[in-house]
Amino acid sequence: MHTFDRQKATSKATITTDDRLPGWPRPKFIYAHSPLSWEWSAEHERFLPRLKRINIMPGTSGIRKGPGGHAPMIANLQSQGWTVLPDDMQVIYTDEGGKLAKDTHYMVAYRGRRGTTYADVWERPVVIGGGASASVDWSSLYDVDGFNAWRASLLDSGAVPPPNPAVLAGLVQRQERRAGRRINDAHDGAPHVQRIVEGHQQTLSDMQEAAVKAGGKRKRRPVSRKRAKKAEVDGN
């Protein structure tokens, strides 16, 4: 696989390689977080913030042309309780040696055939095909471990405020319903089904513990088959 050079999106340095990515350029962007958007990470055994990638394109979301044209959009997001993450902040990613490393920007720039294209530091471009029909796959080699480590660091550093207990309670209730439905699947006694059920129950237990530590509601008793059956009758 060919490796394409990249640079900080804010850098004035010139990429020296003649290689250019195919396809239309991708715009600059920012990452932002809604206080209502969280998800469970089994790897980190905690709730992590879900981040929204917002493209900076004049004419959309109240963005105007010129420097600072996206300031009104940022102000609007912040007025709704969102946390806007600036590009020039410390990030964590996985380096070529497979170890977690740190950088100073999450947005990087690649030279494209039709102009500069922007990506985040966790994306690895893979060119598919050739000639005029060539395209770029940005997702297959995505650095999920590095991205999740960075999201966890946002909580640890205070860059993203801790989750509201009511939001976590909703996530726990959703997992309770999911675990309840899976318990009924275990009646056939198949080992692989039993492992799936146990996995859902363990996830529920871990989520409950994390919610309690985060100041959420008290831990509920484990889901029983009787309660699970009732949940199905009630349409949950």
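Analyst: Here is a walk through the ring pairs.

This is a predicted model, where local features need pLDDT of at least 70, side-chain atom pairs count only at pLDDT 80 or more, and totals for chains, interfaces and linings use all residues. Residues are numbered from 1 along each chain as its sequence is written, and side-chain values use heavy atoms, leaving out hydrogens and water.

A search of the whole structure finds 12 aromatic pairs. Rings of Phe, Tyr and Trp (its six-membered ring) pair if their centres lie within 6.5 Å; planes under 30 degrees apart count as stacked, over 60 as edge-to-face and the rest as tilted.

Take Trp40 and Phe47. Their ring centres are 5.0 Å apart and their planes stand at 70 degrees, so this pair is edge-to-face. Trp40 is buried, at 19% relative accessible area. Phe47 is buried too, at 5%. Buried means under 20% relative accessible area, exposed over 50%, and partly exposed in between (1.4 Å probe, protein chains only).

Now Trp122 and Phe147. This pair is also edge-to-face, with 5.1 Å centre to centre and 70 degrees between the planes. Trp122 sits in the loop between strand E8 (115–120) and strand E9 (126–128), and Phe147 in helix H2 (residues 144–157), so the pair ties together parts 25 residues apart in sequence. Helices (H or I, at least four residues) and strands (E, at least two) are DSSP runs, numbered from the N terminus. Both Trp122 and Phe147 are buried.

These two residues also belong to a cluster: ring pairs link Phe29, Tyr31, Tyr106, Trp122, Tyr142, Phe147 and Trp150.
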